[in-house]
Amino acid sequence: MNGRPSTRERGGVLFLFSGQGGEYAGMGRALAARYPAFARAVDAAAEAVVRAGGPRVWTPRHGFANSLAAADAIQPALFSYQFALAELLREWRIRLDAVAGYGVGEVAGAVVSGALPLADGARVAVARGRVPQDGPGAAAVLEGDPDELRRMVEPMRAAVAIASVDGPRSVVVSGEPRYVETLLRRAHRRGLPARTLAVDPTLHRPSARDLVPDFVTRLDGLAVGRPRLPIYSTVRRAQVLETAALTAEYWTENVCGTVELAAALETAAADGLSTVVEVAPSPVLAAAVRGYDEFRESTYTVADRDDEAETFLEAVARLHAEGRTAPPVTEAGPPFGNEAGEHRPTAVADPSPAATTGAATGYEWLTAAGPASSRRSGAPRRPGIPDATDGTGRAVDGDVTDPTGDMAENTRGTAVYGPTVATAAGWAASIVTEEHWVPEPFPDHHAAPHRPPLERALVVGESTLAVALERELDRRLSALRVTCDPADAGPIVSSLTTGHTAPTAIVLVWPTPDRPVPVTTGIAGALDLLQRVQDGPATTLTVVLTDRDSLTQNAIAGLVRTLQLESALPTRLIWASDDDPAPVADQVLNPTVSQEIRISDHTVRGRRFRSVAAGSAPIGIRAEGTYVVTGGLGTLGAVAVRWLLEAGARDVVVLTRAPRPLPRLLDGLDDRIVVVRCDVTDRADLANALFDIRACGSTVRGVVHAAGVRRDAEFGSVTTGVLADLYEPRVGAAGHLLDLTAPDPVDFVLLSSSSTGALGAPGQAADAAVHAALDTLARSRIDDRIRSIGWGVWISGPVVSAGDARLRRAGMVPFDVARGTAVLSVALGHRSPSVLAVDYAPTDDAGPIAARLRGLLPEGAGPPQPAPKPLGVKPVPLHGHSTAAALGAALTRGIRPTPPRDEAL
């Protein structure tokens, strides 16, 4: 087809069930609402999880939304989703010749293959979800030939193991920190790209067996059968399982052993399988699969959080067009997960949505020798592998090779950069940007059509601008105004718009100054109104904000930026600096290109970002200084602590709500770090901590605020409770820090923010609102020592979250420790109070966030420059120094315990 080789037409189809990383709160909702087959299957799987002693992961009303907050529920939820998605693909007659799975995904694959009944698959998923995953260790990603990397690891096999082989040139290692660092040095000496991971994968290494003492016991009595379809094992390298091999010991290897994804894909390709369908709520492994020539153009993702139902239909259409379908039959074989040999007669089903309301699934997995055969009709035969029907199935050894010799295709559609960029001062400076506004052509309403496409306008607000805007719009079309503050107008707007079909422009106008209510109250009212408008019949939405220094209004801007990315409703954000209604009315009826504009002095300016000019005198780290880091045991906080100490700080005080051992990144620095229990959201508790630091004779010279939590949720699912949970550790605590350290001779206060505040991000509305407010807090303080850094995405492990994966596809290159440290050093040389740290390389992604990045950000810096000189004075070796010990003892005596709370960063 289209000039492709004819051998591809004859190849088989592999269902690849991914592990964690693609899950999100709204997964399955659209598919369950549209397809009864999915709804029935997910209900059955969720019920099996409950019978296996697990939590209720799915309800028709809330979907999976209430199950992803608990660590032990994530894997059973993903298992249930994948089982149901495979059933839906079966309903649509998508061909299936073999299965493979990554981590917990292999459990769903085993059920689909017939090797495990659904009930026992649920038992494995529940037991796997209860294995602790936060043990000690370090991890790194190495790029090179897997066999060569195995030889490098072999001398250290007692302390370091290969956690996973994810592609032809991508290997994750995990183990004791000092041995992992030794391995990194050896890789660099050989010219192999290698980098540390901020998160250590505790599982998938030999020492993980210490975490699963009762795992085998929980799986006693599994009803293991011979699979009806071959299983390309990611546990046993290069083996194809066609016998009853999935015992409790196998699943222990699944938890503790290396994930051999690359070997499974290479074996499948050698067998003639030419198409891979990733069965996951969002793409996780597709980029790695496309690293193989055999699968580069034939890897399909069948769901995505951006538009689950639309993505599924598009993928099914492409699979049908490529001939990847099985013919319907009049008698179905055993459904996924049923006991071997249990047959259920059904009628032939039409796979169209209108016909998926019956109880029958309507077709079986066709095989060469009938329902009991292990191979599908037309599937390729492996030389030397007999059919499962003769009872002599065996595994075949194979070597992991590098068929492409090139890592680029492993991250197809995603921006990547080389290992030397981390030390480039020029590179770090080039990715730090600030907001600025550029003039845009002003729409001429006199030249516009006499009758605009809109028939009426609904203005919400009671300010002078709102009153004038209603009158101005009423001259051009019918206009009505709700005379109350927008934060209180949600129910009224709903009642006025329900049942109306006339094309309507809704305009929300916030006043200056804000009402005297808590910031979170104002944000909550805005959220309620925006959610109601999103669900209503509005034709367009325009949000008019008037106070650039208002925390509330900037938080609302963060909500709107995310709404623009998630909703199909045309939404405009306008910053108006005066009460002239004419230019605002022009934008309502005849908008310019930019989704966010500023109107002042009859000039329309669009929002962009540009590089920040460096200050005249960079701020150094003082050898005699003490530095305070909140959230210093989290990912970003630990990077900041190490950066400070390596730059010369005498000691660092880490304030945390839940003291725990130092992360591996800080190994060897413990005698210069003091960990103090302190809830930074409690102003009195924070004041006591700072008082005790000063009482010990230490001078606070700098502060890094990295405390906070993250809660991803679709716009319509965000609650006021989620907003409050995010706001207090980020913005509330930052305000306390700025107030209470004002008397200290601090050289800087760095507020760790996120790019979501400035750019918005699908599924992160609450996060965007809070970080937009945090950036405003830095701008509104008249103090050039304060600045916020809006970070892009960070490398977090071998499995990337769905939200971060979307941002990577859009062009955000993830930070590792070295790159983040370089940016921290450069940031002190800038005087802009709020900067964005996003390494951006444009991609061909067609999503809304990619389009926004292309429109707002300058392109990446290109090749790295020579390594920068260390910032400030050289580090002072203080091992055995009494200062940190004395400070720690004094603070331990002086700080009152506080109840622990979660701390994600």
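In this predicted model, axes are lines fitted to C-alpha atoms, and angles run from 0 to 180 degrees between N-to-C directions.

Q: Is α4 roughly parallel or roughly antiparallel to α6?
A: Helix α4 (residues 71–91) packs with helix α6 (residues 118–129) at an angle of about 150 degrees. Their axes lie 7 Å apart. Angles over 145 degrees count as roughly antiparallel. So α4 is, relative to α6, roughly antiparallel.

Q: How many residues of the contact of α4 with α6 are nonpolar?
A: From α4 the contact draws on A71, D72, Q75, P76, F79 and F83. From α6 come L118, G121, A122, A125, V126, R128 and G129. Of these residues, 2 are charged and 3 polar; the nonpolar ones number 8.

Q: Which strands stand at the edges of the open sheet?
A: The sheet has 4 strands, paired antiparallel, in the order β4-β5-β3-β6. An edge strand here has a single partner, so one side of it is left without a neighbour in the sheet. That describes β4 (160–167) and β6 (194–196).

Q: What is the bridge partner of A161 in β5?
A: Strand β4 runs antiparallel to β5 (residues 170–175), and 6 bridges join the two. In β5, A161 is partnered by S174.

Q: Which strands does helix α8 touch?
A: Helix α7 (residues 146–153) packs on the sheet and touches β3 (138–142), β4 and β5. Helix α8 (residues 177–189) packs on the sheet too, its direction making about 20 degrees with that of β3. The strands touched by α8 are β3, β4, β5 and β6.

Key:
Residues numbered from 1 in each chain as written. Predicted model: local features only at pLDDT ≥ 70, side-chain atom pairs only at ≥ 80, totals over all residues. Heavy atoms only, no water. Parallel < 35°, antiparallel > 145°, perpendicular 65-115°, else oblique. Contact = heavy atoms within 4.5 Å. Nonpolar A, V, L, I, M, F, W, Y, C, P; charged D, E, K, R; others polar. Pairing = 2+ DSSP bridges.
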